[in-house]
Amino acid sequence: QDGHSLVLASTVPNCVAYDPAFAYEMAVIIHDGLRRMYVEHENVFYYITCMNENYVQPPMPAGVQQGILNGMYLLQIGGRGKVRVNLLGSGTILRECLSAAEILEKDFGIPADVFSVTSFNELRREALSVERWNQRNPTAPPRRSYVSTCLGEHAGPFVAATDYMKAVPDQIRQWVPGRYVTLGTDGFGRSDSRAQLRKHFEVDRHSIVVAALKALADEGKIDMKTVTGAMQTFGIDPSKPDPVSV
């Protein structure tokens, strides 16, 4: 029932906040935190979310350490296809994004690239810093934010889903190079199974799939009937109350 702590963490300038999904991400973050705090003696402290949920821990892909620390890296590339979508997930909801990507490709023929976002907070801070530098150095070649660098070459809309309020992924909206849809746990929590809670907050795999399809339909890349058909298949009731209102 904590959807706001990462928003609060973003208000503290020397609080470094992460929302890792996998053990290797946690290991990289803690190792670097120890270096910064105890070796370099930086005046920072860390807030790291960790879910007590059992799931398979994959090995760390090659070359992702810096991306983990920066706040985002490309975890999985979808198959071939001109109509594509990009899924951004953090914490345990990253696994829902991976499942959504599988459904999109298998059932709808739409490949999805999946990004693991370890820190929307750090992504925003870096992007704001780059923006400030560009403002104060108008005659120099402009620098590019890490978000723009990561996402700039990817076609299709972007859908972000987390276990936290939509305000968390919304932090990077202005630097996402395309249609950007955010899903989050706005509203009061409900004490139920994780699957039902994620369905209630509309951050489960089926809600991610429908959000991706709707974004593609809004861009004219697929028919809107595909969206309504998916909703019927997944049993998604369009008249269901907004989670934030109940």
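Guide: Start with Arg198. Leaving out residues up to four places away in sequence, Arg198 touches Met51, Glu53, Thr92, Ile93, Glu96, Asp163, Val203 and Asp204. Contact here means heavy atoms within 4.5 Å. This is a predicted model: local features need pLDDT of at least 70, side-chain atom pairs count only at pLDDT 80 or more, and totals for chains, interfaces and linings use all residues. Residues are numbered from 1 along each chain as its sequence is written, and side-chain values use heavy atoms, with hydrogens and water left out.

Arg198 sits in helix 7, residues 194-201. Helices (H or I, at least four residues) and strands (E, at least two) are DSSP runs, numbered from the N terminus. Arg198 counts as buried because its relative accessibility is 7%. The cut-offs are under 20% relative accessible area for buried, over 50% for exposed, and partly exposed in between (1.4 Å probe, protein chains only).

Now the nonpolar packing. A nonpolar core is a set of buried Ala, Val, Leu, Ile, Met, Phe, Trp, Tyr and Cys residues joined through side-chain atoms within 4.5 Å. The largest one has 44 residues, and Val85, Leu87, Leu104, Val159, Ile208 and Leu213 have the most contacts inside it. Helix 8, residues 205-218, supplies the largest share of this core, 8 residues. A second, separate core has 23 residues, including Ala9, Ala17, Tyr146 and Ile172. Back in the largest core, take Leu104. Its contacts, not counting residues up to four places away in sequence, include Val85, Leu87, Val209 and Leu213.

Helix 8 also pairs with helix 9, residues 224-234. Their axes come within 8 Å and cross at roughly 170 degrees. Axes are lines fitted to C-alpha atoms, for helices over the stretch in contact, and angles run from 0 to 180 degrees between N-to-C directions. The two helices are therefore roughly antiparallel. That label needs an angle over 145 degrees; under 35 is roughly parallel, 65 to 115 roughly perpendicular, and the rest oblique. On the helix 8 side, the residues in contact include Val209, Leu213 and Ala217; on the helix 9 side, they include Val227, Ala230 and Phe234.

Last, the cysteines. A search of the whole structure finds 0 disulfides, a disulfide being a pair of cysteine sulfur atoms within 2.5 Å. The sulfur of Cys97 has its closest cysteine sulfur in Cys150, 16 Å away, too far for a bond. Cys97 counts as buried at 0% relative accessibility. Cys150 also counts as buried, at 17%.
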